[in-house]
Amino acid sequence: MNQEELFKKLVSHCKEYGFVFQSSEIYDGLSAVYDYGQYGVELKNNIKKYWWDSMVLLHENVVGIDSAIFMHPTIWKASGHVDAFNDPLIDNRDSKKRYRADVLIEDELAKLEAKIEKEVEKARKRFGDTFDEALYRETNARVLEVRARYDALNQRFNQAMNDNDLAGLKQIILDQEIVCPVSGTRNWTDVRQFNLMFATEMGSTADGALKVFLRPETAQGIFVNYLNVQKSGRMKIPFGIAQIGKAFRNEIVARQFIFRMREFEQMEMQFFVKPGEELKWFEYWKDIRIRWHRQMGFNPGDYRFHDHEKLAHYANAATDIEYRFPFGFKEVEGIHSRTDFDLARHQEFSGRKIQYFDPETNESYIPYVVETSIGVDRTFLQVLSASLHEEEAPTADGGVDLRTVLKLPPALAPVKLAVFPLVKKDGLPEIARQIINDLKFDFYCQYDEKDSIGKRYRRHDAIGTPYCVTVDHQTVSDETVTIRNRDTMVQDRVPIAQLKEIVGQKVSLRSLLGDAIKSE
Ligand code: GAP
């Protein structure tokens, strides 16, 4: 399967097996809004728990909150979202389609990067084991020429974005001869700014209702609760506040399935530190967060940091953790050193003193903030992209067929254990049900008696169930069952009494949290 086919397969797999559905599908759907199905919600909840436990349980100085989606409208003025949470958009006059100007240019950059990777892959095949990739990248004339074009375009793009130069962005699109994918023409309008916040009205008064926004990030709910949490929890700096919740953005370009949605979920943590110590903590959280990703056990080479060349005016360091999706390397998480910008602005706009009194130095200051911000839905897509495999598997009659298997980390799998009676008689279903009744308080188990054992294995491979147990006639006499491992397809005979320990160890979050994320 090439990457495009893999992605198509992933989208249809999500629907077929109850992971993700288009929202309002029976009404022809709502663009860039999705619903999670019976297995999707389990996987999503497991991802959230993996994040929450790694942040809140494993860090004594990080606590969680759950703030409201609606907030006072002045918060969005203070945060800068009313004036500056914009995307540059451009229309094609022939197709009447609307695009994000920056995304059109980023796609050009991605094409150049893909050209370089293609050259490297070709050379790898040509030279075999003697291939020195680093040397090839540094010296090959073709690679260097494309790299130079990439750097020049990237620099021009960053400059235009930095300067908010909308005419400059349009000129890049014209100079690069970018065409509309639908009409194939270069008949572009000027680039305009478009605010991404959804607005609605709250209550109703004689003067009219209050205009409020659906939050475009969960972070502001943390900033405006800084004083509440610090005082009620007697928190000492450095400390963090974590939150998981919905966010809403009126994205212009809704593409790539759940990668860019209009309603999505974030897992954010603001870490409050002494001014001057923020870059040390920035490095600390970079390290913790990349280990959290890598601990899931996928190919480490598919993750990379992308340091921001263009820093927001209030940030003094920023990086993204990117993953190699089937459509290229893209951001999953942002880590930002945001100085005291947000707290200082809320102090200014609310008129409340938002400071920390340091009992050791007897001084008061506005804390600096290091933020880690990751999308639940993007992580979900990342985990599925890395887990979905098609591979050959032996059939009962000694042949070979193709199986689709989700090699999810067992701790994240929706169903941990499936239990099958070999036949629907001779007391086997009753034993299978008894096993589930004994284990269902420890992890999610499912009973399945329909079709052949082979078909039942395939069904559970497709949803990523790490273990399948079969109850057969031997079970009746010696209380043992076969347990089949999803990835190796090896079956072992084990006593029923040992199932809890065997499965429990493998599917527990501890296996992911383990050594990778150390508490300080
Ligand atoms: N408080 C900082 C903040 O919101 P961001 O880079 O705009 O930063 C953080 O968003 C993360 O939220 C992203 O890395 C991404 O995983 C997720 N995210 C942002 N917009 C999204 C969208 N439209 N759909 C899905 N996930 C999104």
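**Strands, sheet and ring pairs**

Q: Which sense do β19 and β20 pair in, and over how many bridges?
A: In this predicted model, β19 and strand β20 (residues 445-447) pair in the parallel sense, with 3 bridges. Leu 417 stands opposite Cys 445 in β20.

Q: What unit do β19 and β20 make with helix α14?
A: A right-handed β-α-β unit. Helix α14 covers residues 428-439.

Q: How does β19 run relative to β21, parallel or antiparallel?
A: Parallel, with 5 bridges joining β19 to strand β21 (residues 467-471). Pro 421 stands opposite Val 471 in β21.

Q: How many residues of β19 are buried?
A: 5 of its 5. The strand spans residues 417-421 and is mostly covered.

Q: Which β19 residues point which way?
A: Leu 417, Val 419 and Pro 421 point one way from β19. Ala 418 and Phe 420 point the other way. Both sets are buried.

Q: New topic. What is the strand order in the open sheet of 7 strands?
A: The order is β3-β9-β10-β16-β13-β12-β11, and the pairing is mixed.

Q: Which strands stand at the edges?
A: β3 (62-65) and β11 (303-307). Each has a single partner strand, so one side of each is left without a neighbour in the sheet.

Q: What does the twist average from one strand to the next?
A: 25 degrees.

Q: How many bridges join β10 to β16?
A: 8 bridges join strand β10 (residues 263-273) to strand β16 (residues 368-375). The two run antiparallel. Val 273 stands opposite Tyr 368 in β16.

Q: Which helix packs on the sheet?
A: Helix α11 (residues 278-294). It touches β3, β10, β11, β12 (317-325), β13 (328-337) and β16.

Q: What angle does the direction of α11 make with that of β13?
A: About 145 degrees.

Q: On to rings. How many aromatic pairs does the structure hold?
A: 24. One of them is Tyr 226 with Phe 239, a stacked pair. The centres are 6.0 Å apart, with 15 degrees between the planes.

Q: Which parts does the Tyr 226 and Phe 239 pair tie together?
A: Tyr 226 lies in helix α10 (residues 226-232) and Phe 239 in strand β9 (residues 239-248), so the pair ties together parts 13 residues apart in sequence.

Q: Is Tyr 226 buried or exposed? And Phe 239, buried or exposed?
A: Tyr 226 is buried, with a relative accessible area of 0%. Phe 239 is buried too, with a relative accessible area of 0%.

Q: How are the rings of Phe 239 and Phe 272 placed?
A: Their centres are 5.4 Å apart and their planes at 40 degrees, so the pair is tilted. The pair links distant parts of the chain: Phe 239 in strand β9 and Phe 272 in strand β10, 33 residues apart. Both Phe 239 and Phe 272 are buried.

Q: Which residues do ring pairs link into a cluster?
A: Phe 7, Phe 259, Tyr 303, Tyr 323, Phe 325 and Phe 327.

Q: Last one. Where does Lys 286 lie, and where does the charged end of Arg 304 sit?
A: Lys 286 lies over the face of Phe 305, at 4.6 Å from the ring centre. The charged end of Arg 304 sits over the ring of Phe 329, 4.0 Å from its centre.

Terms used
Residues are numbered from 1 along each chain as its sequence is written. This is a predicted model: local features need pLDDT of at least 70, side-chain atom pairs count only at pLDDT 80 or more; totals for chains, interfaces and linings use all residues. Side-chain values use heavy atoms; hydrogens and water are left out. Buried means under 20% relative accessible area, exposed over 50%, partly exposed in between (1.4 Å probe, protein chains only). Helices (H or I, at least four residues) and strands (E, at least two) are DSSP runs, numbered from the N terminus. Two strands pair if DSSP finds at least two bridges between them. A crossover is right-handed if, with the strands pointing away from the viewer, the path from the first strand over the helix to the second runs clockwise. Axes are lines fitted to C-alpha atoms, for helices over the stretch in contact, and angles run from 0 to 180 degrees between N-to-C directions. Contact means heavy atoms within 4.5 Å. Rings of Phe, Tyr and Trp (its six-membered ring) pair if their centres lie within 6.5 Å; planes under 30 degrees apart count as stacked, over 60 as edge-to-face and the rest as tilted. A charge sits over a ring if NZ of Lys or CZ of Arg is within 6 Å of the ring centre and within 35 degrees of the ring normal.
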